[in-house]
Amino acid sequence: MSFLVLKAFLKLIYFDLYLARGNFSALYEKVRGYPTGKKAEVAEAIEQICSAVDMACIWYWKEALCLQRSAATACLLKHYGIPAQMVIGAQQMPFKAHAWVEVDGRVVNDKPYTPEMYAVLDRC
């Protein structure tokens, strides 16, 4: 599992570079266009990948925000053949935006009730 944590850590760095430049549209397109690999053992792979990203976030030198974390998770899941979608949502009062990852309509890297708290703006 340590190799998977390293891959997650590198993805966090990769997407941090997009965020540092304020290039949200490029980040969005990268996640949206990321190719889905060959099918994996879905249930086990989802848990392992989400755990690896969580561990990488612990070791990351600064706080990994939801967009960065979700982009990394979605791309890793896709790499291992899981058709993941990064979802971006917002709430109006008070204004808050949030990103999370879903597989087959089920939230995998956040609380299961997250979609109920935010109006979905886009899925990529």
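Me: What makes the four strands an open sheet with antiparallel pairing, and which strands are at its edges?

Reply: In this predicted model, the order is S3-S2-S1-S4. Strands are DSSP runs (E, at least two residues; helices are H or I, at least four), numbered from the N terminus, and two strands pair if DSSP finds at least two bridges between them. Strand S3 (106–107) and strand S4 (119–123) are the edge strands, because each pairs on one side only. Local features need pLDDT of at least 70, side-chain atom pairs count only at pLDDT 80 or more, and totals for chains, interfaces and linings use all residues. Residues are numbered from 1 along each chain as its sequence is written, and side-chain values use heavy atoms, without hydrogens and water.

Me: How do you know that S1 and S4 pair?

Reply: Strand S1 (residues 84–91) and S4 have four bridges, and at least two are required, so they count as paired. Within this pairing, Ile88 has Asp122 of S4 as its bridge partner.

Me: Which strands does helix H2 touch?

Reply: Helix H2 (residues 24–32) packs on the sheet and touches S1 and S4; contact means heavy atoms within 4.5 Å.

Me: Why is a group of residues called a nonpolar core?

Reply: The name applies because such residues are buried Ala, Val, Leu, Ile, Met, Phe, Trp, Tyr and Cys, joined through side-chain atoms within 4.5 Å; buried means under 20% relative accessible area (exposed over 50%, partly exposed in between; 1.4 Å probe, protein chains only). The largest has 36 residues, with Phe15 and Val31 among those having the most contacts inside it. Helix H3 (42–59) gives the most, with eight residues.

Key:
Axes are lines fitted to C-alpha atoms, for helices over the stretch in contact, and angles run from 0 to 180 degrees between N-to-C directions.
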